[in-house]
Amino acid sequence: MGSKRSDEGSKWLKHYCSDHQILLVGEGDFSFSLCLAKAFASATNIVASSLDTHDDVIKKYRNAKSNIDELKKLGACILHGVDATKMKSHSHLNMKSFDRVIFNFPHAGFHGKREDNLSLIKMHKDLVGGFFKNASSMIRANGEIHVNHKTTHPYTVWNIEKLAEESFLKLMECTDFKKEDYPGYYNKRGDGNKCDKSFPLGRCSTFKFIHPRRTNGIAPSVSHCARNEVQHKEQQVSGGRSSRNCFDRRRLITLRGAKLKCLGEEV
């Protein structure tokens with residue numbers, strides 16, 4: 001699926017727009033970040049981060065160096081050694097805010113345990129909960145936090161909606177995740193001897209969360225984003241596209257109101 005251009009000249013790939021300031025957390029070989037950058041023909045709006053150091057990333061993933069080099073050429077900011085549970089205090093992030101914060105298939109590692117092991121599940125939940133706690137204070141007005149996550153057992157036991165609620169986040173939409181929508185993206189195990197191998201995705205979704213206190217109005221710095229998001233969402237709705245949990249139409253109404261304000265009209 002290629003990128004789409006709105007009447008305003010913005011480029012979209014699924015839920016992401018070239019006007020969005022985007023933070024990606026927990027990148028493996030940085031192929032997801034590069035996928036977005038190629039769709040936008042630029043990466044000046046992208047901050048891509050990994051927990052691994054630069055040297056470890058290059059050692060673990062065969063294509064990481066070329067992906068990172070291309071991202072840098074396109075203008076991306078690349079950060080390494082970023083802990084998702086502490087990132088709001090990171091020296092390069094503590095003064096920044098974003099329209100989208102993305103964590104693809106968060107995982108705390110295997111540690112010699114099966115995925116249904118309760119102690120391992122707790123580690124996963126601690127990771128995701130810590131991520132939400134940090135990300136919730138890093139999004140702009142009308143910003144969103146996206147987590148791509150499997151929706152089969154035992155991953156449903158993580159109950160990421162409840163973890164999000166603990167950071168005062170609300171689930172806005174849950175839509176099917178399809179890898180083919182992101183050309184060039186390769187999901188990676190990221191741990192152990194097979195770290196550079198992909199893992200079967202099966203049924204999985206993009207969970208989109210918002211902070212209710214940050215959706216009652218629109219900051220001037222993101223008015224252009226809101227205007228384009230309204231257009232993009234209206235096109236999706238008119239095209240008959242649906243998600244497993246319907247898009248929160250109150251969100252669309254809020255954004256539509258922001259659009260009219262941007263155009264100088266009465267809501």
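Which residues lie nearest the centre of the largest pocket? Select Gly26, Phe105, His107, Lys188 and Arg189. Keep them on screen; the tour returns to the pocket at the end.

**Ground rules**

This is a predicted model, in which local features need pLDDT of at least 70, side-chain atom pairs count only at pLDDT 80 or more, and totals for chains, interfaces and linings use all residues. Numbering runs from 1 along each chain as its sequence is written, and side-chain values use heavy atoms, with hydrogens and water left out.

**Whole chain**

Show the cartoon. The protein has seven helices and 10 strands. Helices (H or I, at least four residues) and strands (E, at least two) are DSSP runs, numbered from the N terminus. Of the 267 residues, 50% are buried. Buried means under 20% relative accessible area, exposed over 50%, and partly exposed in between (1.4 Å probe, protein chains only). Now consider contacts, meaning heavy atoms within 4.5 Å. Among those with a separation of 6 or more, 74% join residues 24 or more positions apart.

**Stop 1: helix H1**

Select residues 31-40, helix H1. Nine of its 10 residues are buried, so H1 is mostly covered. Those buried are Ser31, Phe32, Ser33, Leu34, Cys35, Leu36, Ala37, Ala39 and Phe40.

Zoom in on serine 33, which lies in H1. Serine 33 counts as buried because its relative accessibility is 0%. Its side chain makes a 2.6 Å polar contact with the side chain of glutamate 27. A polar contact is a pair of N or O atoms within 3.5 Å; within protein, one must be able to donate a hydrogen and the other to accept it, and residues adjacent in sequence count only if both atoms are side-chain atoms. Setting aside neighbours within four places in sequence, serine 33 touches Leu24, Glu27, Ile46, Ala48 and Leu71.

Step just past H1. Alanine 41 has a positive phi of about 60 degrees.

**Stop 2: helix H4**

Select residues 118-135, helix H4. How far apart are its end C-alpha atoms? They are 25 Å apart, which agrees with the 26 Å that 18 residues should span at 1.5 Å a residue. The expected span is 1.5 Å times one less than the number of residues.

Colour the buried residues of H4: Leu120, Ile121, His124, Leu127, Val128, Gly129, Gly130, Phe131, Phe132, Asn134 and Ala135. They pack against strand E4 (22-25), strand E7 (98-104), strand E8 (139-150), helix H5 (160-165) and strand E10 (204-210).

**Stop 3: strand E10**

Select threonine 206 in strand E10. Is threonine 206 buried or exposed? Threonine 206 is buried, because its relative accessible area is 1%. Its side chain makes a polar contact of 2.4 Å with the side chain of asparagine 148. Leaving aside neighbours within four places in sequence, its contacts are His15, Tyr16, His146, Val147, Asn148, Glu173, Cys174, Thr175 and Phe177.

**Stop 4: the loops**

Start between strand E6 (77-79) and E7, where methionine 95 sits. Methionine 95 is exposed, with a relative accessible area of 77%.

Move to the loop between E7 and H4 for histidine 111. Its phi is positive, about 55 degrees, although histidine 111 is not a glycine. With a relative accessible area of 47%, histidine 111 is partly exposed.

Next, the loop between E8 and H5, which holds proline 154. The peptide bond from histidine 153 to proline 154 is cis, with omega near 5 degrees. Asparagine 159 lies in the loop between E8 and H5. Asparagine 159 has a positive phi of about 55 degrees, although it is not a glycine. It is partly exposed, at 36% relative accessible area.

**Stop 5**

Return to the opening selection. The largest pocket has a volume of about 810 Å³ and is lined by 38 residues. H1 (31-40), E7 and E8 are the elements that give two or more residues to the lining. By class, the lining has 19 nonpolar, nine polar and 10 charged residues. Ala, Val, Leu, Ile, Met, Phe, Trp, Tyr, Cys and Pro count as nonpolar, Asp, Glu, Lys and Arg as charged, and the others, Gly among them, as polar.

A pocket here is an open set of points on a 1 Å grid over the protein atoms alone, where a 1.4 Å probe fits, with protein on both sides within 12 Å along at least five of seven lines; lining residues have an atom within 4 Å of a point. Grid points are joined across faces, edges and corners, and the volume is the space filled by probe spheres set on the points.
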